[in-house]
Amino acid sequence: SGSAAGRLRLGGVWTVVVVTQVAATVIFTAGALLMWRQARLSGSLDASFVPTEYVDVLIGGRADLAAPDRFARIQDAVADIAQVAGVVDVTMADRLPLMTHGAMRVEVEGEAVAIDVSMPRVDTGFFDTFQAPILAGRPFRDADRSTAAGVIVDQAFAAEALGGRGAVGRRLRVVPPNVTTPPGPWLEIVGVVRS
């Protein structure tokens, strides 16, 4: 079209096409990076337990683990499950191994880098149940449940966040995405588990 109106309409269409292509490229690239990150994480995990040998039971939710009265009822239910014939071991967690977890950003005291990690809450016998040996430090104790100040990290975290240097005794904290929200309390790394 030789008219100015025709050129303007064609220019608007091309603008929409270019913006759509750029948006699709950004979304595809971000999606590909997330998939690569998850594949890298999955590849670093040793799925040495046989999932068919385990049964998971949903009792309550994440908030129930934090409320003392509800947590006591959950413990009673878990004790009942332990009495079922054929049950070898019972533990509690708000998420299971190899599940995709919502990531939280944490920083390690004295380190310049903050990384995204998964921080499921687990019972004191969790690592024994899944036959995941503690390689350094110690497993959780019952006293850790009341203070909630200790964490156990895996080898992959120690390698990425600390360059493989000793993790036990170091402290980390959750850094919220909102800069106006203060960081969480410092938590001491009490053990390192196999990845």
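The model is predicted: local features need pLDDT of at least 70, side-chain atom pairs count only at pLDDT 80 or more, and totals for chains, interfaces and linings use all residues. Residues are numbered from 1 along each chain as its sequence is written, and side-chain values use heavy atoms, with hydrogens and water left out.

- Strand 6 spans residues 187-193. Strands (E, at least two residues) and helices (H or I, at least four) are DSSP runs, numbered from the N terminus.
- Of the 7 residues in strand 6, 6 are buried. Buried means under 20% relative accessible area, exposed means over 50%, and partly exposed lies in between (1.4 Å probe, protein chains only).
- Two strands count as paired if DSSP finds at least two bridges between them.
- Strand 4 (residues 150-154) runs parallel to strand 6, with 5 bridges. Here Gly 150 stands opposite Glu 188.
- Strand 3 (residues 134-137) is antiparallel to strand 6 and joined to it by 3 bridges. Ala 136 has Val 192 as its bridge partner.
- Strand 5 (residues 171-174) is also antiparallel to strand 6, over 2 bridges. Arg 171 has Glu 188 as its bridge partner.

**Helix 6**

- Helix 6 covers residues 155-162, and its buried residues are Phe 157, Ala 158, Ala 161 and Leu 162.
- These buried residues fall within an arc of 100 degrees seen down the axis, so they line one face of the helix. The arc is that of the directions from the helix axis to the C-beta atoms.
- Their cover includes strand 1 (104-108), strand 2 (114-117), strand 4, strand 5 and strand 6. Contact means heavy atoms within 4.5 Å.

**Surface patch**

- Val 13, Trp 14 and Val 17 form a nonpolar surface patch with about 290 Å² of accessible area together. Areas come from the Shrake-Rupley method with a 1.4 Å probe.
- Patch residues have over 30% relative accessible area and no salt bridge, and nonpolar side chains are joined within 5 Å, like charges within 9 Å. A salt bridge is a Lys or Arg side-chain nitrogen within 4 Å of an Asp or Glu carboxyl oxygen.
- Val 17 lies in helix 1 (residues 4-44). Val 17 is partly exposed, at 32% relative accessibility.

**Positive phi**

- Most residues other than glycine have a negative phi.
- Gln 131 has a positive phi, near 50 degrees. Gln 131 sits in the loop between helix 4 (126-129) and strand 3, and is exposed at 60% relative accessible area.
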